[in-house]
Amino acid sequence: MSLLLLLLWLVSYYVGTLGTHTEIKRVAEERVTLPCHHQLGLPEKDTLDIEWLLTDNEGNQKVVITYSSHHVYSNLTEEQKGRVAFASNFLAGDASLQIEPLKPSDEGRYTCKVKNSGRYVWSHVTLKVLVRPSKPKCELEGELTEGSDLTLQCESASGTKPIVYDWQRVREKEGEDEHLPPRSRIDYNNPGRVLLQNLTMSSSGLYQCTAGNEAGKESCVVRVTVQHVQSIGMIAGAVTGMVAGALLTFLLVWLLIRRKDKERYEEEERPNEIREDAEAPKARLVKPSSSSSGSRSSRSGSSSTRSTANSASRSQRTLSTEAAPQPGLATHAYSLVGPAGRGSEPKKVHHATLTKATTPGMIPSQSRALQTV
(Lines give C-alpha, C1' and ligand atoms only; values in the text may rest on other atoms or scores of the structure.)
Protein backbone atom coordinates (compact mmCIF):
# COMPACT_ATOMS: atom_id res chain seq x y z
CA MET A 1 0.00 0.00 0.00
CA SER A 2 2.77 2.44 0.88
CA LEU A 3 4.49 1.66 -2.40
CA LEU A 4 1.30 2.51 -4.31
CA LEU A 5 0.88 5.83 -2.52
CA LEU A 6 4.47 6.73 -3.28
CA LEU A 7 3.94 5.95 -6.95
CA LEU A 8 0.82 8.14 -7.12
CA TRP A 9 2.64 11.01 -5.47
CA LEU A 10 5.48 10.76 -7.97
CA VAL A 11 3.06 10.79 -10.90
CA SER A 12 1.17 13.81 -9.59
CA TYR A 13 4.40 15.65 -8.91
CA TYR A 14 5.70 14.84 -12.38
CA VAL A 15 2.50 15.98 -14.04
CA GLY A 16 2.36 19.14 -11.95
CA THR A 17 5.95 19.97 -12.74
CA LEU A 18 5.68 19.40 -16.48
CA GLY A 19 2.23 20.95 -16.63
CA THR A 20 -0.85 20.22 -18.71
CA HIS A 21 -1.69 21.16 -22.29
CA THR A 22 -5.10 22.40 -23.39
CA GLU A 23 -6.45 23.70 -26.72
CA ILE A 24 -9.28 26.22 -26.78
CA LYS A 25 -11.15 27.81 -29.70
CA ARG A 26 -13.15 30.96 -29.27
CA VAL A 27 -14.80 33.47 -31.59
CA ALA A 28 -13.42 36.98 -31.79
CA GLU A 29 -15.14 39.62 -29.63
CA GLU A 30 -16.13 36.96 -27.08
CA ARG A 31 -14.63 36.22 -23.65
CA VAL A 32 -12.26 33.35 -22.87
CA THR A 33 -10.79 31.89 -19.67
CA LEU A 34 -7.47 30.05 -19.85
CA PRO A 35 -7.20 27.53 -16.97
CA CYS A 36 -4.27 27.37 -14.53
CA HIS A 37 -4.59 25.68 -11.10
CA HIS A 38 -1.98 25.15 -8.39
CA GLN A 39 -1.56 24.41 -4.66
CA LEU A 40 1.66 26.24 -4.08
CA GLY A 41 0.25 29.33 -2.47
CA LEU A 42 -1.16 27.77 0.70
CA PRO A 43 2.02 27.13 2.69
CA GLU A 44 3.86 30.41 2.06
CA LYS A 45 1.92 33.21 0.35
CA ASP A 46 4.66 35.76 0.68
CA THR A 47 6.97 33.94 -1.79
CA LEU A 48 4.31 33.15 -4.44
CA ASP A 49 5.03 34.25 -8.02
CA ILE A 50 2.66 33.82 -10.96
CA GLU A 51 3.48 34.63 -14.60
CA TRP A 52 1.57 34.25 -17.88
CA LEU A 53 3.57 34.21 -21.12
CA LEU A 54 2.37 34.35 -24.74
CA THR A 55 4.21 32.93 -27.71
CA ASP A 56 2.51 34.19 -30.90
CA ASN A 57 2.35 32.43 -34.26
CA GLU A 58 5.57 34.11 -35.35
CA GLY A 59 7.53 32.77 -32.36
CA ASN A 60 7.75 36.03 -30.43
CA GLN A 61 7.30 35.73 -26.65
CA LYS A 62 5.99 38.40 -24.28
CA VAL A 63 4.69 38.64 -20.72
CA VAL A 64 0.94 39.03 -20.38
CA ILE A 65 0.34 39.36 -16.60
CA THR A 66 2.33 38.67 -13.41
CA TYR A 67 1.89 38.57 -9.66
CA SER A 68 4.95 39.25 -7.53
CA SER A 69 5.64 40.85 -4.13
CA HIS A 70 1.94 41.29 -3.42
CA HIS A 71 1.33 43.25 -6.65
CA VAL A 72 -0.42 42.42 -9.92
CA TYR A 73 1.05 43.79 -13.15
CA SER A 74 -1.41 43.50 -16.03
CA ASN A 75 -0.71 46.36 -18.46
CA LEU A 76 2.48 44.89 -19.83
CA THR A 77 1.58 44.82 -23.57
CA GLU A 78 -0.02 47.56 -25.62
CA GLU A 79 -2.15 45.07 -27.59
CA GLN A 80 -3.73 43.52 -24.47
CA LYS A 81 -3.81 46.56 -22.24
CA GLY A 82 -7.03 46.65 -20.21
CA ARG A 83 -8.27 43.29 -21.56
CA VAL A 84 -6.44 40.73 -19.37
CA ALA A 85 -6.91 39.85 -15.67
CA PHE A 86 -6.87 36.95 -13.22
CA ALA A 87 -10.20 35.19 -13.44
CA SER A 88 -10.40 34.11 -9.76
CA ASN A 89 -8.56 34.03 -6.42
CA PHE A 90 -5.05 33.22 -7.58
CA LEU A 91 -3.79 33.06 -3.97
CA ALA A 92 -6.19 30.21 -3.27
CA GLY A 93 -4.89 28.16 -6.18
CA ASP A 94 -6.83 29.41 -9.26
CA ALA A 95 -4.51 31.49 -11.45
CA SER A 96 -6.67 31.23 -14.57
CA LEU A 97 -6.34 34.05 -17.12
CA GLN A 98 -9.36 35.91 -18.53
CA ILE A 99 -9.27 37.86 -21.83
CA GLU A 100 -12.20 40.04 -22.98
CA PRO A 101 -12.92 40.92 -25.71
CA LEU A 102 -10.90 38.56 -27.86
CA LYS A 103 -8.95 39.81 -30.87
CA PRO A 104 -7.18 37.87 -33.63
CA SER A 105 -3.86 39.09 -32.25
CA ASP A 106 -4.54 37.15 -28.99
CA GLU A 107 -4.07 33.85 -30.80
CA GLY A 108 -1.03 31.80 -29.77
CA ARG A 109 0.42 29.49 -27.10
CA TYR A 110 0.01 30.61 -23.48
CA THR A 111 2.14 29.34 -20.58
CA CYS A 112 1.14 29.72 -16.94
CA LYS A 113 4.16 29.46 -14.57
CA VAL A 114 3.65 29.29 -10.80
CA LYS A 115 6.61 29.30 -8.38
CA ASN A 116 6.66 29.03 -4.59
CA SER A 117 9.30 27.74 -2.15
CA GLY A 118 11.41 26.22 -4.89
CA ARG A 119 8.50 24.36 -6.52
CA TYR A 120 7.21 25.07 -10.02
CA VAL A 121 3.97 24.36 -11.87
CA TRP A 122 3.45 24.94 -15.61
CA SER A 123 0.25 24.93 -17.63
CA HIS A 124 0.11 25.30 -21.40
CA VAL A 125 -2.93 26.49 -23.32
CA THR A 126 -3.16 26.89 -27.09
CA LEU A 127 -5.71 29.55 -27.97
CA LYS A 128 -7.18 29.79 -31.43
CA VAL A 129 -9.26 32.87 -32.20
CA LEU A 130 -11.92 32.28 -34.85
CA VAL A 131 -13.07 35.18 -37.05
CA ARG A 132 -16.55 35.11 -38.51
CA PRO A 133 -16.64 35.54 -42.31
CA SER A 134 -17.25 39.08 -43.40
CA LYS A 135 -20.41 39.76 -45.35
CA PRO A 136 -19.73 38.35 -48.83
CA LYS A 137 -20.19 40.32 -52.03
CA CYS A 138 -22.42 38.80 -54.70
CA GLU A 139 -21.69 39.63 -58.35
CA LEU A 140 -22.86 38.59 -61.82
CA GLU A 141 -20.61 37.95 -64.82
CA GLY A 142 -22.06 37.33 -68.28
CA GLU A 143 -25.11 38.09 -70.43
CA LEU A 144 -28.62 38.08 -68.98
CA THR A 145 -30.22 36.81 -72.18
CA GLU A 146 -31.78 33.51 -73.16
CA GLY A 147 -29.31 30.88 -74.26
CA SER A 148 -26.24 32.60 -72.76
CA ASP A 149 -24.11 31.57 -69.75
CA LEU A 150 -23.98 33.43 -66.45
CA THR A 151 -21.48 33.16 -63.57
CA LEU A 152 -22.46 33.86 -59.97
CA GLN A 153 -19.51 35.09 -57.89
CA CYS A 154 -19.42 35.20 -54.06
CA GLU A 155 -16.45 35.97 -51.76
CA SER A 156 -15.82 37.16 -48.19
CA ALA A 157 -12.94 39.58 -47.69
CA SER A 158 -11.99 38.27 -44.23
CA GLY A 159 -12.62 35.30 -41.96
CA THR A 160 -10.87 32.25 -40.57
CA LYS A 161 -10.03 29.69 -43.22
CA PRO A 162 -11.46 27.52 -44.52
CA ILE A 163 -14.62 29.34 -45.62
CA VAL A 164 -17.35 27.25 -47.21
CA TYR A 165 -19.65 28.84 -49.82
CA ASP A 166 -23.11 27.63 -50.70
CA TRP A 167 -25.41 28.94 -53.47
CA GLN A 168 -29.18 28.44 -53.38
CA ARG A 169 -32.29 29.95 -54.91
CA VAL A 170 -34.58 31.91 -52.62
CA ARG A 171 -38.20 30.81 -52.76
CA GLU A 172 -40.28 33.92 -53.44
CA LYS A 173 -43.53 32.20 -54.41
CA GLU A 174 -45.20 29.03 -53.37
CA GLY A 175 -44.01 26.07 -55.39
CA GLU A 176 -40.69 27.55 -56.51
CA ASP A 177 -37.64 25.30 -56.36
CA GLU A 178 -34.83 26.19 -53.95
CA HIS A 179 -32.23 24.25 -55.92
CA LEU A 180 -30.09 25.73 -58.65
CA PRO A 181 -31.16 25.25 -62.30
CA PRO A 182 -30.37 21.79 -63.74
CA ARG A 183 -27.53 22.99 -66.00
CA SER A 184 -25.44 24.51 -63.18
CA ARG A 185 -21.79 23.80 -62.49
CA ILE A 186 -19.83 24.54 -59.28
CA ASP A 187 -16.20 25.54 -59.63
CA TYR A 188 -14.48 23.35 -57.02
CA ASN A 189 -11.23 25.28 -57.39
CA ASN A 190 -13.16 28.38 -56.43
CA PRO A 191 -16.25 27.28 -54.44
CA GLY A 192 -17.70 30.77 -54.51
CA ARG A 193 -18.29 30.56 -58.31
CA VAL A 194 -21.29 28.88 -59.91
CA LEU A 195 -21.88 28.71 -63.68
CA LEU A 196 -25.46 28.82 -64.97
CA GLN A 197 -25.46 27.44 -68.51
CA ASN A 198 -28.01 28.02 -71.27
CA LEU A 199 -30.21 30.48 -69.41
CA THR A 200 -33.97 30.29 -69.81
CA MET A 201 -36.78 32.50 -68.61
CA SER A 202 -37.28 30.06 -65.70
CA SER A 203 -33.72 30.83 -64.53
CA SER A 204 -34.87 34.25 -63.37
CA GLY A 205 -35.13 34.69 -59.63
CA LEU A 206 -33.34 35.56 -56.39
CA TYR A 207 -30.11 33.72 -55.57
CA GLN A 208 -28.42 33.61 -52.15
CA CYS A 209 -24.79 32.88 -51.28
CA THR A 210 -23.85 31.79 -47.74
CA ALA A 211 -20.25 31.96 -46.50
CA GLY A 212 -19.54 29.99 -43.30
CA ASN A 213 -16.77 28.69 -41.06
CA GLU A 214 -16.42 27.51 -37.45
CA ALA A 215 -17.21 30.99 -36.14
CA GLY A 216 -20.48 31.58 -38.00
CA LYS A 217 -22.14 32.45 -41.31
CA GLU A 218 -22.87 35.49 -43.44
CA SER A 219 -24.85 35.74 -46.68
CA CYS A 220 -25.70 37.99 -49.62
CA VAL A 221 -28.37 37.89 -52.34
CA VAL A 222 -28.50 38.85 -56.01
CA ARG A 223 -31.38 38.95 -58.48
CA VAL A 224 -31.13 37.34 -61.91
CA THR A 225 -33.50 38.66 -64.60
CA VAL A 226 -33.26 36.83 -67.91
CA GLN A 227 -34.44 38.90 -70.88
CA HIS A 228 -36.00 37.64 -74.10
CA VAL A 229 -33.90 38.24 -77.19
CA GLN A 230 -36.76 39.77 -79.23
CA SER A 231 -37.70 42.13 -76.44
CA ILE A 232 -34.14 43.39 -76.37
CA GLY A 233 -34.27 44.09 -80.11
CA MET A 234 -37.55 45.95 -79.75
CA ILE A 235 -36.20 48.06 -76.93
CA ALA A 236 -33.07 48.88 -78.90
CA GLY A 237 -35.16 49.83 -81.96
CA ALA A 238 -37.44 52.02 -79.88
CA VAL A 239 -34.52 53.81 -78.32
CA THR A 240 -32.89 54.34 -81.72
CA GLY A 241 -36.14 55.72 -83.16
CA MET A 242 -36.57 58.12 -80.27
CA VAL A 243 -33.04 59.42 -80.69
CA ALA A 244 -33.48 59.85 -84.45
CA GLY A 245 -36.80 61.66 -83.97
CA ALA A 246 -35.28 64.02 -81.44
CA LEU A 247 -32.42 64.84 -83.80
CA LEU A 248 -34.82 65.47 -86.72
CA THR A 249 -37.00 67.75 -84.62
CA PHE A 250 -33.97 69.71 -83.49
CA LEU A 251 -32.81 70.10 -87.11
CA LEU A 252 -36.22 71.39 -88.27
CA VAL A 253 -36.42 73.92 -85.46
CA TRP A 254 -32.93 75.11 -86.24
CA LEU A 255 -33.74 75.58 -89.95
CA LEU A 256 -36.92 77.55 -89.15
CA ILE A 257 -35.09 79.85 -86.78
CA ARG A 258 -32.34 80.42 -89.35
CA ARG A 259 -34.87 81.20 -92.09
CA LYS A 260 -36.70 83.75 -89.91
CA ASP A 261 -33.41 85.40 -88.99
CA LYS A 262 -32.52 85.66 -92.70
CA GLU A 263 -35.89 87.24 -93.62
CA ARG A 264 -35.64 89.75 -90.81
CA TYR A 265 -32.13 90.67 -91.92
CA GLU A 266 -33.28 91.24 -95.55
CA GLU A 267 -36.17 93.45 -94.40
CA GLU A 268 -33.84 95.57 -92.34
CA GLU A 269 -31.28 95.97 -95.16
CA ARG A 270 -33.73 96.68 -98.06
CA PRO A 271 -34.35 100.46 -97.30
CA ASN A 272 -30.60 101.05 -97.11
CA GLU A 273 -29.80 99.67 -100.56
CA ILE A 274 -28.22 102.14 -103.05
CA ARG A 275 -28.26 101.41 -106.75
CA GLU A 276 -24.78 102.17 -108.00
CA ASP A 277 -25.67 101.70 -111.69
CA ALA A 278 -28.45 104.36 -111.75
CA GLU A 279 -27.68 107.53 -113.78
CA ALA A 280 -27.81 110.93 -112.16
CA PRO A 281 -30.65 113.20 -113.40
CA LYS A 282 -29.69 115.63 -116.22
CA ALA A 283 -30.83 119.22 -116.35
CA ARG A 284 -31.60 121.13 -119.61
CA LEU A 285 -32.11 124.79 -120.24
CA VAL A 286 -35.23 125.27 -122.32
CA LYS A 287 -36.40 128.62 -123.69
CA PRO A 288 -40.08 128.82 -124.39
CA SER A 289 -40.75 129.80 -128.05
CA SER A 290 -44.33 130.78 -127.85
CA SER A 291 -47.29 131.00 -125.61
CA SER A 292 -48.54 127.65 -126.84
CA SER A 293 -45.30 125.98 -125.89
CA GLY A 294 -45.55 127.77 -122.59
CA SER A 295 -49.03 126.40 -122.06
CA ARG A 296 -47.87 122.92 -123.00
CA SER A 297 -44.96 123.30 -120.66
CA SER A 298 -47.34 124.45 -117.98
CA ARG A 299 -49.49 121.40 -118.47
CA SER A 300 -46.45 119.19 -118.48
CA GLY A 301 -45.04 120.86 -115.41
CA SER A 302 -48.31 120.41 -113.53
CA SER A 303 -47.52 116.69 -113.23
CA SER A 304 -44.46 117.62 -111.18
CA THR A 305 -44.78 118.43 -107.56
CA ARG A 306 -46.29 121.81 -106.80
CA SER A 307 -43.64 122.48 -104.24
CA THR A 308 -40.89 122.47 -106.88
CA ALA A 309 -42.61 125.13 -109.03
CA ASN A 310 -43.34 127.36 -106.09
CA SER A 311 -39.75 127.09 -104.91
CA ALA A 312 -38.46 127.99 -108.40
CA SER A 313 -40.83 131.01 -108.61
CA ARG A 314 -39.71 132.29 -105.21
CA SER A 315 -36.09 131.88 -106.20
CA GLN A 316 -36.68 133.79 -109.47
CA ARG A 317 -38.36 136.70 -107.71
CA THR A 318 -35.57 136.89 -105.22
CA LEU A 319 -32.95 136.96 -107.93
CA SER A 320 -34.90 139.64 -109.91
CA THR A 321 -35.08 141.84 -106.85
CA GLU A 322 -31.39 141.51 -106.15
CA ALA A 323 -30.49 142.38 -109.77
CA ALA A 324 -32.66 145.60 -109.67
CA PRO A 325 -33.09 146.03 -113.42
CA GLN A 326 -33.59 149.52 -114.94
CA PRO A 327 -37.04 150.58 -115.87
CA GLY A 328 -38.05 149.82 -119.39
CA LEU A 329 -35.64 146.91 -119.67
CA ALA A 330 -37.34 143.57 -120.21
CA THR A 331 -35.68 140.28 -119.45
CA HIS A 332 -36.37 136.65 -120.31
CA ALA A 333 -35.88 134.33 -117.35
CA TYR A 334 -34.34 130.91 -117.75
CA SER A 335 -34.68 128.18 -115.14
CA LEU A 336 -32.56 125.07 -114.44
CA VAL A 337 -35.06 122.30 -114.23
CA GLY A 338 -34.36 118.61 -113.65
CA PRO A 339 -36.69 115.68 -114.17
CA ALA A 340 -38.85 115.26 -111.02
CA GLY A 341 -37.09 116.95 -108.15
CA ARG A 342 -39.83 115.78 -105.79
CA GLY A 343 -39.28 116.62 -102.18
CA SER A 344 -35.89 118.35 -102.73
CA GLU A 345 -35.17 122.00 -102.12
CA PRO A 346 -34.17 124.22 -105.08
CA LYS A 347 -30.53 125.19 -105.30
CA LYS A 348 -29.49 128.85 -105.38
CA VAL A 349 -27.64 129.86 -108.50
CA HIS A 350 -26.23 133.17 -109.64
CA HIS A 351 -28.56 135.58 -111.31
CA ALA A 352 -26.37 135.82 -114.42
CA THR A 353 -26.85 132.12 -115.14
CA LEU A 354 -30.63 132.13 -114.66
CA THR A 355 -31.65 135.29 -116.56
CA LYS A 356 -30.78 136.65 -119.93
CA ALA A 357 -31.34 140.22 -121.11
CA THR A 358 -33.50 140.81 -124.14
CA THR A 359 -33.60 143.67 -126.61
CA PRO A 360 -34.57 147.08 -125.29
CA GLY A 361 -38.06 148.19 -125.83
CA MET A 362 -39.78 144.95 -124.66
CA ILE A 363 -42.08 145.53 -121.83
CA PRO A 364 -41.44 143.52 -118.64
CA SER A 365 -44.86 141.96 -118.80
CA GLN A 366 -43.86 140.10 -121.95
CA SER A 367 -41.12 138.11 -120.21
CA ARG A 368 -41.92 134.51 -119.58
CA ALA A 369 -40.38 132.05 -117.22
CA LEU A 370 -38.66 129.00 -118.51
CA GLN A 371 -40.67 125.85 -118.28
CA THR A 372 -39.60 122.30 -117.79
CA VAL A 373 -39.94 119.85 -120.65
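Trainee: What share of the residues of the protein chain counts as buried?
Mentor: Of its 373 residues, 26% count as buried. Buried means under 20% relative accessible area, exposed means over 50%, and partly exposed lies in between, with a 1.4 Å probe and protein chains only. This is a predicted model, where local features need pLDDT of at least 70, side-chain atom pairs count only at pLDDT 80 or more, and totals for chains, interfaces and linings use all residues. Residues are numbered from 1 along each chain as its sequence is written, and side-chain values use heavy atoms, leaving out hydrogens and water.

Trainee: How many helices and strands are there in the protein chain?
Mentor: There are five helices and 20 strands.

Trainee: Why is Ser 96 called buried?
Mentor: Its relative accessible area is 4%, and the limit for buried is under 20%, so Ser 96 is buried. Ser 96 sits in the loop between strand E6 (84-86) and strand E7 (97-99).

Trainee: Which residues does Ser 96 touch, not counting those up to four places away in sequence?
Mentor: Contact means heavy atoms within 4.5 Å, and the residues touched by Ser 96 include Thr 33, Cys 36, Trp 52 and Phe 86. The side chain of Ser 96 also reaches the backbone nitrogen of Cys 36 at 3.2 Å. A polar contact is a pair of N or O atoms within 3.5 Å; within protein, one must be able to donate a hydrogen and the other to accept it, and residues adjacent in sequence count only if both atoms are side-chain atoms.

Trainee: And what about Ser 184: what makes it partly exposed?
Mentor: Ser 184 has a relative accessible area of 23%, so the value falls in the partly exposed class. Ser 184 belongs to strand E13 (residues 184-186), and its side chain reaches the backbone oxygen of Pro 181 at 2.7 Å. Beyond its neighbours within four places in sequence, Ser 184 is in contact with Val 194, Leu 195 and Leu 196.

Trainee: Why is the pair of Tyr 120 and Trp 122 called stacked?
Mentor: Rings of Phe, Tyr and Trp (its six-membered ring) pair if their centres lie within 6.5 Å; planes under 30 degrees apart count as stacked, over 60 as edge-to-face and the rest as tilted. The centres of these two rings are 5.5 Å apart and their planes are at 15 degrees, so the pair is stacked.

Trainee: How many aromatic pairs does a search of the whole structure find?
Mentor: It finds three. Phe 86 and Phe 90 form a tilted one, at 4.7 Å centre to centre with 35 degrees between the planes. Phe 86, at 14% relative accessibility, counts as buried, and Phe 90 counts as buried at 13%. Ring pairs link Tyr 67, Phe 86 and Phe 90 into a cluster.

Trainee: What makes Lys 25 and Glu 214 a salt bridge?
Mentor: A salt bridge is a side-chain nitrogen of Lys or Arg within 4 Å of a carboxyl oxygen of Asp or Glu. For Lys 25 and Glu 214 the closest N and O atoms are 3.2 Å apart. The pair links distant parts of the chain, 189 residues apart: Lys 25 is in strand E1 (residues 20-27), and Glu 214 is in the loop between strand E15 (205-213) and strand E16 (216-224). Glu 214 counts as exposed at 52% relative accessibility, whereas Lys 25 is partly exposed at 36%.

Trainee: How many salt bridges does the whole structure hold?
Mentor: The search finds 10. Among them, Arg 83 and Asp 106 meet at 2.7 Å, N to O, and both residues are buried. Another is formed by Glu 139 with Lys 137, at 3.4 Å between the closest N and O atoms.

Trainee: How do you know that Lys 137 is exposed?
Mentor: Lys 137 has a relative accessible area of 56%, so it is exposed.

Notes:
Helix = DSSP H or I, 4+ residues; strand = E, 2+ residues; numbered from the N terminus.
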